[in-house]
Amino acid sequence: MPDLNGGSPKGVLRPGWSAEVGDYAIAGGWTPRGEALVVGDAAGGVYAFDGKSGATIWAQREAHEGGVLALAMQPNRAAFATAGQDGRVLVWSAADGRVDHAIDVGSGWVENLAWSPDGQRLAASCSREVHAYGADGTEVRRFDTHPSTVSAVAWSSAEELATACYGRVTFFNASTGTVRQRLEWKGSLVSMVLSPDGDIVACGSQDNSVHFWRRSTEQDSMMSGYPGKPSALAFDDTGTLLATGGGEAVTVWSFQGKGPEGTRPGVLELHFGAVTTLAFARGGRRLASGARDGAVVVWSLGRNGQGDPVGIAPVADVVGAVYWRPDGRALAALDAQGGATTWRVG
């Protein structure tokens, strides 16, 4: 682990609060105004902590039999959804832990969740199937069975849903279920992220590369040479910078001008373990990374993807996820020992 001089946060990261859940902290998120941080764990528990103090607001320790696999915050509401190994999706009120809707998706694991930007539809994947539900929990669309297990889902707009599986990314009309565009490539896609305007699709691949397409031209490119699978991907909110994991370094590609083809990426080196999670703060070029070394790093980046570390702090174990509070003035990290740790960001 990088030298943390006794474990105290450095640079822009200042001590906040910490809390614990019952098992490996799988996924979480902040409510829209940062009033609460919600967390789901590998034992199936779901928790809400006060955003300022870290005090437990409520806890449901056996919400999903077998464990939570995904959690997605509903846009513009203090509500969220969880999915688990029990084949169910639960839609929660963050304020009091009430389950407003319980959805039986299927007999398999529900591994991916994503709310549409307007918060009116929720997509969930279970094995080769993807379902879309209304905010009231009713199924509004079931999309064609995919040729292999769906590895990621994302909304490009309120009316268009993207899915990734082996060999292809597919864009569906969310209302009719018809295919709008199919981008094909022979390889196992393990992660996916869309640029904010929905034009660029980037996927991490099993062959230790990042493959991306420009939807407007269907031109595709591949960035190779990663030591591992790039499972962590993040765009900044301008769509200029794409941060990627796939090893101990964070590699940042710039789509400025004619990039990233033919350009050198930014290579951010400080972690001593493989990068596991990446997240950009809103409204700027601050990037948070977490890794298997138990370190959380904040980077300040230029438009070319080059950058420097401006903050670093430890957690107890492998960093599972990092989440910026919506106002960008706090950062939360989840870890493999069930820790939820926050810092104020200067």
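Analyst: A strand here is a DSSP run of E of at least two residues, and strands are numbered from the N terminus. The model is a predicted one. Is Thr341 buried or exposed? Thr341 has a relative accessible area of 15%. Buried means under 20%, so Thr341 counts as buried.

Now look at the contacts. Leaving out residues up to four places away in sequence, Thr341 touches Trp17, Ser18, Val315, Leu331, Ala332 and Ala333.

Follow Trp17 next. The structure holds eight aromatic pairs. In one of them, the ring centres of Trp17 and Phe49 are 6.1 Å apart, and the planes are at 45 degrees, so this pair is tilted. Trp17 belongs to strand β2 (residues 13-20) and Phe49 to strand β5 (residues 46-50), so the pair ties together parts 32 residues apart in sequence. Both Trp17 and Phe49 are buried.

Strand β5 is part of an open sheet of four strands, in the order β3-β4-β5-β6, with antiparallel pairing. The edge strands are β3 (25-30) and β6 (56-60), and each pairs on one side only. From one strand to the next, the twist averages 15 degrees. Five bridges link β3 and β4 (residues 36-41) in the antiparallel sense. Among the residues involved, Gly28 has Val39 in β4 as its bridge partner.

Methods. Residues are numbered from 1 along each chain as its sequence is written. This is a predicted model: local features need pLDDT of at least 70, side-chain atom pairs count only at pLDDT 80 or more; totals for chains, interfaces and linings use all residues. Side-chain values use heavy atoms; hydrogens and water are left out. Two strands pair if DSSP finds at least two bridges between them. Axes are lines fitted to C-alpha atoms, for helices over the stretch in contact, and angles run from 0 to 180 degrees between N-to-C directions. Buried means under 20% relative accessible area, exposed over 50%, partly exposed in between (1.4 Å probe, protein chains only). Contact means heavy atoms within 4.5 Å. Rings of Phe, Tyr and Trp (its six-membered ring) pair if their centres lie within 6.5 Å; planes under 30 degrees apart count as stacked, over 60 as edge-to-face and the rest as tilted.
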